[in-house]
Amino acid sequence: MDHDSQDIHPSLERMRQHLARADDELEAAQRLLDPRSSPGTEINRAIAAARTSVDDAMETVLWRMSETDSG
């Protein structure tokens with residue numbers, strides 16, 4: 001692992017931890033919603049979109065981490 005990889009890896013790990021917490025919080029928010037509310041309501045769509053964005057960001061961070069580990 002080169003010097004740049006060593007510098008970026010701790011930042012990527014912190015991002016991964018923040019994204020994991022964000023996903024947990026969004027999942028908790030989904031559970032708090034009125035179970036009788038339609039999945040198509042604005043808040044349900046917003047939370048689902050946010051979770052998708054967090055998942056996409058997590059995949060990117062994990063990919064970058066694997067790149068720094070192997071490079």
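## The pair E27 and R31

R31 is exposed, its relative accessible area being 60%. The model described here is predicted. R31 forms a salt bridge with E27, and the closest N and O atoms of this pair are 3.5 Å apart. E27 is partly exposed, at a relative accessible area of 32%.

Both E27 and R31 belong to helix α1, where a spacing of four residues, about one turn of the helix, separates them.

## The pair E13 and R16

A salt bridge also links R16 to E13, with 2.7 Å between the closest N and O atoms. The two residues lie in helix α1, which spans residues 3-32, and are three residues apart, again about one turn of the helix.

R16 has a relative accessible area of 26% and is partly exposed. E13 likewise counts as partly exposed, with a relative accessibility of 22%.

## The pair D23 and R51

D23 and R51 form a salt bridge in which the closest N and O atoms are 3.0 Å apart. D23 lies in helix α1 and R51 in helix α2 (residues 42-70), so this pair ties together parts that are 28 residues apart in sequence.

The relative accessibility of D23 is 16%. D23 therefore counts as buried, since that class covers values under 20%.

## Overview

In total, the structure holds three salt bridges. Side chains of opposite charge can pair when their charged atoms come close.

Terms used: Residues are numbered from 1 along each chain as its sequence is written. This is a predicted model: local features need pLDDT of at least 70, side-chain atom pairs count only at pLDDT 80 or more; totals for chains, interfaces and linings use all residues. Side-chain values use heavy atoms; hydrogens and water are left out. A salt bridge is a side-chain nitrogen of Lys or Arg within 4 Å of a carboxyl oxygen of Asp or Glu. Buried means under 20% relative accessible area, exposed over 50%, partly exposed in between (1.4 Å probe, protein chains only).
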